[in-house]
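I opened my notebook to look around inside a protein model. Here is what I looked up, entry by entry.

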Amino acid sequence: MNYNLNKKYLISFIFLVYFILGSYLSLTNGITSDEYHEQNNWLINLSAAKEFLSTGQYKSFLEYWDRYHGIAFHLISQPIQFLIKDYVTNLNNVTEFGGLLMSKHFVIFSIFSISGIFFYLIIFKITKKINISLLSSAIYLLYPYLFGHALFNPKDIPFLSFWLINTFLSIRIIEDLYLKKSIKFSKIIYLSFFTAFLIGIRIVGFLIFIQYLVTLIIFLEKTKTPFLKFLKLNIKNISIFTISTFLFIILLNPIFWHNPLEIVNSIKWMGKYPQNIGTLTNGSLMYSLSLPSSYYFIWLFFKLPILILLGYFIFPLVESKIFKDDTVTLYYGTATITSPLIIVIFILKDIALYDELRHLLFIFPLIFITSLINLFYFFKEKIFYYLSSLLIIFFISENIHMNPYQYTWLNSFAKIDKIEKNFEVDYWGVSNKNVQNEIINFVNKKKLDKSNCIYGDFY
């Protein structure tokens with residue numbers, strides 16, 4: 001009993017250290033290229049909401065270029081930003097506005113840390129082993145590419161985090177159905193709100209319904225339940241979920257208030273976002289509005305850790321072992337089927353992407369779940385401990401070595417050649433403040449710190 005209690009305290013302490021250190025790094029990371037734009041979107045949406053509530057219209061908002069740019073995460077971040085902005089301003093010696101912008105980083109990292117808990121819960125549901133789940137979660141939370149983005153990315157990391165939260169909540173409900181438990185009303189409302197919140201961050205969140213369908217199909221196949229019979233037995237809960245989700249979606253998106261059909265326009269606009277940015281990909285410049293399908297696979301091949309790639313490709317060797325357990329299949333099957341399905345949809349619909357895989361970050365946790373579970377079933381438990389521990393040590397080393405540019409991380413395959421000549425390396429401008437200081441230092445002392453990363457666009 002004392003051993004288990006001490007173990008819980010130790011795990012809690014390690015997670016607290018991770019959270020405190022990550023929070024500090026996030027608040028001192030620098031102001032990125034999207035900070036002002038994100039804040040401006042919030043202010044314009046807030047002004048439009050006030051105008052609509054007082055007059056019933058917002059003509060200028062309907063002409064705003066980024067009116068479909070979701071602002072749901074601001075509902076969480078803005079109050080916290082105002083609470084800590086003075087501390088952040090003093091910490092970084094920036095203007096009050098700069099401090100306000102950087103304060104959001106703490107909220108971003110916080111929600112990413114919380115997503116790690118849900119990652120743990122999903123892995124535990126599959127393996128039923130605490131140590132395996134903890135090691136897997138550590139790999140997820142320390143992966144330099146995601147950890148780096150979690151220090152500042154105001155759109156993609158919150159979206160990733162809430163996607164993972166919805167994944168767990170939705171499968172739990174289906175699991176309850178499988179175990180013939182009654183579904184609590186609160187669970188339905190939670191899922192409907194978090195689903196709407198996901199869509200309120202990015203409209204592509206509507207794709208979560210495809211994942212819900214995947215889980216449902218697995219359930220129907222395992223229980224041999226006809227779809228129409230399922231509808232008949234669960235029509236009340238389905239109706240509550242559908243209506244409440246729709247209402248929450250409208251509530252969280254001011255642009256939909258004047259006409260709910262704007263949802264369709266939003267999906268069309270963001271799917272082919274009219275910004276034809278070129279991304280250097282394996283030596284070729286690929287533009288967002290005309291991406292070849294190879295774009296996805298090249299970036300995934302060079303961005304995913306080699307061990308995760310190995311785990312993903314050994315699927316045929318382990319799938320028969322995994323799919324023996326129905327409840328395990330609900331969790332594992334959902335993650336394993338959804339990630340490639342999303343990629344296929346993006347390719348077939350010719351979705352506009354740029355800045356390598358930032359818009360597909362939300363499938364990375366699903367890929368990690370699949371790969372880590374494959375590795376767990378393929379190797380003996382002790383070998384999994386060994387491999388995962390080595391990967392964790394490697395990730396810690398990479399994070400220390402690359403700070404504050406962890407988000408530029410590529411695996412060792414990419415590092416064989418000259419990365420900067422073949423891949424987009426940095427597009428966030430994290431170095432701007434440091435570069436400014438170094439320029440001033442160079443002018444005054446004729447010394448320059450070459451460790452800083454300087455990014456420039458050429459048009």
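How many cavities of 30 Å³ or more does the count come to? I found that the count comes to 2. A cavity, on a 1 Å grid over the protein atoms alone, is a set of points where a 1.4 Å probe fits but cannot get out, and its lining residues have an atom within 4 Å of a point. Grid points are joined across faces, edges and corners, and the volume is the space filled by probe spheres set on the points.

Before going on, I noted that this is a predicted model, where local features need pLDDT of at least 70, side-chain atom pairs count only at pLDDT 80 or more, and totals for chains, interfaces and linings use all residues. Residues are numbered from 1 along each chain as its sequence is written, and side-chain values use heavy atoms, with hydrogens and water left out.

**Cavity entry.** I looked up the largest cavity, which holds about 50 Å³ of space. Among the residues lining the largest cavity are Asn45, Tyr68, His69, Phe256 and Ser266.

Buried means under 20% relative accessible area, exposed over 50%, and partly exposed in between (1.4 Å probe, protein chains only). After H5 comes Lys128, with a positive phi near 60°.

**Salt bridge entry.** I counted 13 salt bridges in the structure, each a side-chain nitrogen of Lys or Arg within 4 Å of a carboxyl oxygen of Asp or Glu. Which residue forms a salt bridge with Glu96? The partner is Lys85, with the closest N and O atoms 2.8 Å apart. Glu96 lies in H5 and Lys85 in helix H4 (residues 74–92), so the pair ties together parts 11 residues apart in sequence. Lys85 counts as buried, at 11% relative accessibility.

My last stop was Asp355, whose salt bridge with Arg358 has its closest N and O atoms 3.5 Å apart. Asp355 is buried at 11% relative accessible area, and Arg358 is buried at 6%. Salt bridges that share partners join Asp355 and Arg358 with Asp34, Asp156 and Arg202 into one network.

Technical notes. Helices (H or I, at least four residues) and strands (E, at least two) are DSSP runs, numbered from the N terminus. On a 1 Å grid over the protein atoms alone, a cavity is a set of points where a 1.4 Å probe fits but cannot get out, and a pocket is an open set with protein on both sides within 12 Å along at least five of seven lines; lining residues have an atom within 4 Å of a point.
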